[in-house]
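Please open the model in a viewer and keep the selection panel at hand.

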Amino acid sequence: SFAQALSACSSALSALPHLTRIMASAADLEPIYKAVSGSELTGEVEKDLAGHTTQGAHGVNYHHPSTGKEGSTFYMPCKSLLGEGALVGAVNQVKALGQKKALIVTDAVLVKVGAVKALTDVLDGAGMSYTIYDGCAPNPTIEQVDAGCKLLKDNGCDFVISFGGGSPHDCAKAISMLTTNGGSIKDYEGVDKSTKPMLPMVAVNTTAGTAAEMTRFCIITDDQRHVKMALVDWRLTPTLAVNDPLLMVGMPKGLTAATGMDALTHAIEAYLSTASNPITDANALHAIKLIATYLPQAVEDGKNMKARDMMAYAEFLAGMAFNSASLGYVHAMAHQLGGFYHAAHGVCNAVLLPVVQTYNAKYVPELFIDIAHAMGFVEVGQDKAKAVSAVLKAIKDMNKRLGIPANIKELGAKPEDFEALADNAMKDACGLTNPHQPTKEEVIELFRQAYEQQ
């Protein structure tokens, strides 16, 4: 009978007291690890079935020695809608969340050109109520987050819809988190500082891109300190991510180029990251392959739906890679240029990418082999020097082809600021997983090279 079965289960459990505790410690689990020959197995795996060293170049190897004793975590939104028409499907999903009223976080330009109307028309048709906050600037600030929180509370909104690129998504994440957690957004700079779930959030993406619609990263500018704060928190992951390429066809060439190079930077930095693993590697390499093929096409002809769709998938794949593997010094440095000079994030990344990767290639040249192959340079074979040279040339050529500025001088950077920029870059959470940790002098030198490059 059921009662007998239940009784048998509970006596079996009581015979295993170490399994009935709520929290497991490493000591508790030691017998299980021993039983599967943990150390012997690890030794065998690290010898590597493919015959390469563990520091080898390929997806069949680890890139860096394992750093932790608790495994690695893979972060994703609960649901993601992708492909043409995803916005239509999203409305039904939003209704299923059971929320009453949305705060739509966007920017004034998207309202002015009628893009937001496309979203509100669908919400009207579904009988959903909303309030629009269009005070989000290209690099959202603490003040803009506070203004959004006030509007949300004053209008009785119980969830947030972000509409646009990385800036509205980041602003919306900060508003959603601050509403439930309280305090100042400055309190949450760093890793996993929140204690409560944020409001439900639906991120409708219009660029390809920052991947902010599906990551746990949020970048808010502190104008007083001239710093872009990096908030990295698993609770900042949107509930629902929507990537409909039909929303991206109107992106101008410059924005398509800058956001596409941001996605390429995500993929390359995640692949080289000390926290990479085979899942993030697979995401990063396929993102690189798609971007190398489709970004120039999307820039040259914005109405090319295949290129737009593939770039939407590519930026999402790159997001999956860096959301769990994190980034490197391109982002750590780019955030400072954005904070000091309000330069566009994707452009900062594009200009810094060849400089920082030239530096990284001195330490992990073998990791450039698969990047070169993903970019289509199969002729480099297993020659790491040829791979490095092909990748660096491809990045510079892509920047030129897409009309990216030649150096950070063109973005308004001043040599007298380099020391302060380097100080702040070294505190940025994104730099922690760079394949080699530079000294302050080296970071200053990287800024100088980025200033002088042609």
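Begin with helix H5, which supplies four residues, the largest share of the lining of the largest cavity. This is a predicted model, in which local features need pLDDT of at least 70, side-chain atom pairs count only at pLDDT 80 or more, and totals for chains, interfaces and linings use all residues. Residues are numbered from 1 along each chain as its sequence is written, and side-chain values use heavy atoms, with hydrogens and water left out. Helices (H or I, at least four residues) and strands (E, at least two) are DSSP runs, numbered from the N terminus.

Select Leu 87, Ala 90, Val 91, Val 94, Leu 119, Val 122, Leu 123, Ile 161, Val 202, Val 204 and Val 242 to display the lining of the largest cavity. A cavity is a set of points on a 1 Å grid over the protein atoms alone where a 1.4 Å probe fits but cannot get out, and lining residues have an atom within 4 Å of a point. The space inside comes to about 70 Å³; grid points are joined across faces, edges and corners, and a volume is the space filled by probe spheres set on the points. A search of the whole structure finds one cavity of 30 Å³ or more. H5 (86-96), helix H7 (115-125) and strand S6 each supply at least two lining residues. By class, the lining has eleven nonpolar, no polar and no charged residues. Here Ala, Val, Leu, Ile, Met, Phe, Trp, Tyr, Cys and Pro count as nonpolar, Asp, Glu, Lys and Arg as charged, and the others, Gly among them, as polar.

**The six-stranded sheet**

Next, select the strands of the open sheet ordered S1-S9-S6-S4-S2-S3, whose pairing is parallel. Two strands pair if DSSP finds at least two bridges between them. Strands S1 (79-82) and S3 (129-133) stand at the edges with a single partner strand each, so one side of each is left without a neighbour in the sheet. From one strand to the next, the twist averages 15°.

Zoom in on S4 (residues 159-164) and S6 (residues 201-205), a parallel pair joined over five bridges. Ile 161 stands opposite Val 202 in S6; both residues also belong to the cavity lining.

Axes are lines fitted to C-alpha atoms, for helices over the stretch in contact, and angles run from 0 to 180 degrees between N-to-C directions.

**The second largest pocket**

Which residues lie nearest the centre of the second largest pocket? Select Gly 165, Gly 166, Ser 167, Thr 207 and Leu 255, which hold that position among 48 lining residues. A pocket is an open set of points with protein on both sides within 12 Å along at least five of seven lines. About 980 Å³ of space lies in this one. Helix H10 gives the most to its lining, with five residues. The lining has 27 nonpolar, 17 polar and four charged residues.

Finally, select the three strands of the open sheet S5-S8-S7, in which the pairing is mixed. S7 and S8 (residues 227-232) pair in the antiparallel sense over six bridges, and Ile 220 stands opposite Met 229 in S8.
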